[in-house]
Amino acid sequence: MILVWLIAIPLVAGVIAGFVARRSQLASRLISLLAMVVGFVISVWLWAANYSHISLLTQRQWLAEFNVPWISSFGIRFHLAMDGMSLLLVTLTFLLGIASVMISWREIHDGVGFFHFNLLWVIAGIVAVFLAMDLFLFYFSWELMLIPMYFLIAIWGHERRVYAAVKFFLFTQLSGLLMLVAILTLYFAHHAATGVYTFEYSQLIGTPLAPHTAMLVMLGFFAAFAVKLPMFPFHTWLPDAHTEAPTAGSVVLAGLLLKTGAYGLLRFVLPLFPRAAHEFAPIAIALAIAGILYGALLAYGQTDLKRLVAYTSVSHLGFVLLGIFIGTPLAIAGAFITIIAHGISTGTMFMLVGMVQERTHTREMDRLGGLWQTAPRLSGSGVFFVLASIGLPGLGDFVGEFLVLLGTYRVSPMVAAFATVGVLCSTFYGLKFVARAFHGPNTNKWKLPDLSGREIALVGAMMVVLLWLGLYPQPVLNTFKPTAQRLEQVVHGPGMGYRR
Amino acid sequence: MSSADFVALLPLIVLGATAIVVMMSIAFRRSHALASTLTLVGLAVAFWSLWPAAGEVPRQVTPLLVIDRFALYYFGLIIAATFAVVLMSYGYLERHDVRREEFYVLLLVAALGSAVLVSSDHFISFFLGLEILSVTLYALSAYLTERGIALEAGMKYLVLAAASAAFLLFGMALVYAETGTMSFPQLASDFAAGGAAHLWVLAGIAFMVTGFGFKLAVVPFHLWTPDVYQGAPAPVTAFVASVSKGAMFAILLRFFYQSGSRDLHATLLIFGIIAIASMIAGNLMALFQNNVKRILAYSSIAHLGYLLVAFEAGGLFGAAAGTFYLTAYMITTLGAFGVIAVLSASGRDAEDIEDYRGLFWRRPGLATVFTVMLFSLAGIPLTAGFLGKFYTVAAGTNSSIWVLIFVLVATSVIGLFYYLRVVVALFATEHIPSDAERPLPVVPAMGGVTLGVLALALIWLGVYPHVILHAIQSAMSGIF
Amino acid sequence: MNLWPFVLYAALVLITAGSMIGLSAILGERHKERFTNQPYEGGILSEGTARARFSIKFYMMAMFFVVFDLESVFLYSWAVAARDLGWVGYWEALIFIGVLVAALVYLWRLGALDWSPDTRRKTR
């Protein structure tokens, strides 16, 4: 039941926040914040209460579960379940949810009620994606989170918001429909094999499929997740959407929405189609490497701060894809840490760029420069998160990428070498960012207010989480362990002969 | 005829009687409120009479009509949709200086024609129902005679529908000439014995497909759709798009399933081609429109294409998927044209996309309803349109008609593009016209409530479709 | 399949129609004089326009006649089988006539049957 609450709280709070905004904008913001905090507290409490035995969970055991029939004519059930992986991602969702509400406090003035309605419904949709164990429910939530996101970009975005929003929507819809066809094929194949109509995740695992069909169905799922991730060459919606979205929108997009793609790969593609995924791995790995290098290269070429950060996402998510398809326990764990750390570091980067834009009304590097002299705390935080993003040891991103590289090296040193070049490239764009925006002479004579108390609290909290993730990632790894083990079993199950 | 026959026919009888009662009331006291109230009461009684009728099904009443669960389900849809059209017409007609009362008589007769259509299992009653429906629709589309465009719509509809009826009739004649029967079940036994392979039967079915195609407005028989949609008054367009097409789809299912001619290779091939052409052409042409009514017209062509995918999928699954899709589509089009109807001032209908710019910030309720309708057309979750699309794709996947499924997927993404154009206009934050520039009419209470109910019904179906799915699945027993 | 009667028939139709048009074009008289294209070749000049305007009422009457006349044709077919259909058929015929009467009453009240313009009822 607690899982239903995690979804219902943002949904209901969103409706309330939408309606009270006519009376009081402050009330709308406070209700949204409260809902996010409550969700965060519940998920942290779940983690704390279960931490001692979380790593002992075996297959088919969930931390919490909710399972009732929904549309019984199709065998669709409203089945939510939580394991270590979804627990961590839900916690991250609510953490970034709190951040998005707070960062919008000053930025959003028009249509406050509708804005918070959309924000909270996106969060609810994402939580539902992380918890859904019925493939229909999963697809339902997957599509549902798009609409509020579309509105966030299309209404409160920047100059080319409509173009970006429509592009985002079309890309994700097309890939989503392919996934729907794949889900249905699996559903009917399962019926043909067992005589049971079900969308239940645990039952669909192990559905016998002809190798050819399995590959096509796997590609259907992969298309949806690859676009969301985004994988090169399906990333072109991302820079536009990230750049044009309001700050809260960018935070949710980069921090959470992209992660649903990675989550989908881990939760569905590998367990449902181990063999097809294995056969497809070389292509996926090649594309991951291409994404890492290409993202880094393009990030270096940008002069718009938000666009730069957007392209770094392409690069970082390339590591996630790499880790997942390398498939060794180390690499998968690394990919997962990268998911969490990237959510926090890039989310905060977008917040910082948003703060710069709020103060200077520009995101162009050429018009900035020398901000350190007038706003040292803002610039200092900026440098901190840039360093995190380029993989400074001691911070979360480093752990993730290091584990991915380590895992990759044991499978293919060649691939690892290419990926390492990507890490190297990240130094260039990171340093360019720092040098052009924060350092140098203050040629434009900016006189900016430094971070306010609210902003310090927000950025500071993110710094602490990132440091903790970088210095002591063991709790996260322990929580993820049962999921990783399960993945390892299916990927390296009998007869797979994965390791080359 | 026994009394049980009368009970089974009760919905039809009540519809016909109501039309006469309303006509008599006009003869002696011309009052818009009276006529519309009588119509609503009659429709409510007709809807109620479905329950006593359900106790008598399935029942063959005369060789012409069959009242089974399939017919009753579609009766319910037709009556409920007509009810909604009446509710939204009241406010719309109040703004127009015409004789308002006859509108309801025509609407009732059209509903009666649709009901005859869905319960017919004989060529005679099929043609009779079709003509009752068509003749009233000619008058209804040209109802606002002061508008030139309305006359054009009525005229176009008259000429093309008459031509299509001729094709249909010729097709029926050819089939009859070869088989010697006009009743669907007897055709089935004749076809099963190999009669379907005869050239005349094939030619007859081909002619009938032409007739069906015109009425359903699928490519290449779609040319009248945008003009009629644009020219007819918004409530009439709502009726044409929902009830008339819905009844036609029902008889399509009944004829081709019951007579067994659905399984002919030629039928499947020709409907497959029509479906693909409709999905592609409808969606592509809608991209270039700036008139909301025309966008919806082209989108309806595409949606009929999706419906034919369900038809192609076949079996109980396909028929049920098509019926569910149609139910969702009827609610959606009623809602969409309802929004246009309540926003239309006396001079012209609110059909320019600019009329909707920034509507969310001026009339949030109406804009929300319209958005829900557009999302349902686009097949986005929480709405019935999503489940309809899901069901259709499921039926197609089950039958492995991959080409049709992939055309459906690809074209519905194109479809998103123009639905989003309207949504973008609804939520635009810049250049919002002030009340002085583009005054918005006061939303009539009845129309507003109807729209709210339609939107809620759409979401209810989209989230908890269990009841309707159950009804549909049992209704399909009628044609199997 | 035994198609040849159909083919023969179609060919005959085409030949007949074709020869009628073709032969008259070849053999037919043709003249082109001053008054060939006038309405009256006798030389009387036509006057005024051919588009004379009649009162709508003529059309209305004609339409009513056709409608009611055609409807009453159904009664003949009932009359033939009246004994077999019995009382149920009788009542059905009565209902049918009743509907026609209702339509007539409606037209009468609407003023559609009034001939002269001033006695016509004003509706709104």
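A:Pro233 sits in the loop that runs between helix H9 (211–228) and helix H10 (237–244) of chain A. This is a place to begin reading the model, which is a predicted one. The bond joining A:Phe232 to A:Pro233 is a cis peptide bond, with omega at about 5 degrees.

B:Pro220 belongs to the loop between helix H9 (199–216) and helix H10 (224–231) of chain B. B:Ala217 likewise lies in the loop between H9 and H10 of chain B. The phi angle of B:Ala217 is near 60 degrees, a positive value in a residue other than glycine.

Where pLDDT is low, the predicted coordinates should not be read in detail. Chain B has an average pLDDT of 90, and 99% of the residues score at least 70. Among the elements of chain B, the lowest mean pLDDT, 86, belongs to helix H15 (residues 359–362), and the highest, 95, to helix H5 (residues 102–118).

Within chain B, one helix pair can be followed residue by residue. Helix H2 (residues 32–48) of chain B packs against helix H4 (residues 69–94) of chain B at an angle of about 165 degrees, and their axes are 9 Å apart. Angles over 145 degrees count as roughly antiparallel, and H2(B) and H4(B) are therefore roughly antiparallel to each other. The crossing of these two helices, H2(B) and H4(B), is left-handed. On the H2(B) side the contact includes B:His32, B:Ser36, B:Leu40 and B:Phe47, and on the H4(B) side the residues include B:Gly76, B:Phe83, B:Val86 and B:Leu93. By class, the contact of H2(B) with H4(B) has ten nonpolar residues, five polar and no charged.

Chain A is divided by its domain assignment into domain 1 (1–211) and domain 2 (273–490). The C-alpha centres of domain 1 and domain 2 of chain A are 24 Å apart. Their contact draws 19 residues from domain 1 of chain A and 17 residues from domain 2 of chain A. On the domain 1 side, helix H2 (25–54) and helix H3 (84–107) of chain A each supply at least two residues. H3(A) gives the most to that side, with twelve residues. The side of domain 1 that touches domain 2 in chain A has 13 nonpolar, three polar and three charged residues.

The chains themselves come last. Of the two pairs of chains in contact, chains A and B share the most contacts. The contact between them takes 24 residues from chain B and 24 residues from chain A. Helix H17 (384–398), helix H18 (402–426) and helix H20 (466–475) of chain B each supply at least two residues of the side of chain B that touches chain A. The largest share of that side, eight residues, is from H18(B). The side of chain B that touches chain A comprises 17 nonpolar residues, seven polar and no charged.

Chain B also meets chain C, in a contact that takes nine residues from each of chain B and chain C. Six residues of the chain B side, its largest share, come from helix H1 (residues 3–28) of chain B. That side of chain B has eight nonpolar residues, no polar and one charged. Chain A and chain C do not touch, and their nearest C-alpha atoms are 43 Å apart.

Technical notes: Residues numbered from 1 in each chain as written. Chains lettered and ligands numbered in written order. Predicted model: local features only at pLDDT ≥ 70, side-chain atom pairs only at ≥ 80, totals over all residues. Contact = placed C-beta atoms within 7 Å. Helix = DSSP H or I, 4+ residues; strand = E, 2+ residues; numbered from the N terminus. Nonpolar A, V, L, I, M, F, W, Y, C, P; charged D, E, K, R; others polar. Axes fitted to C-alpha atoms, helices over the stretch in contact; angles between N-to-C directions. Parallel < 35°, antiparallel > 145°, perpendicular 65-115°, else oblique. Left-handed = near helix turned anticlockwise from the far one by under 90°. Domains from an automatic or database assignment. pLDDT = per-residue confidence, 0-100.
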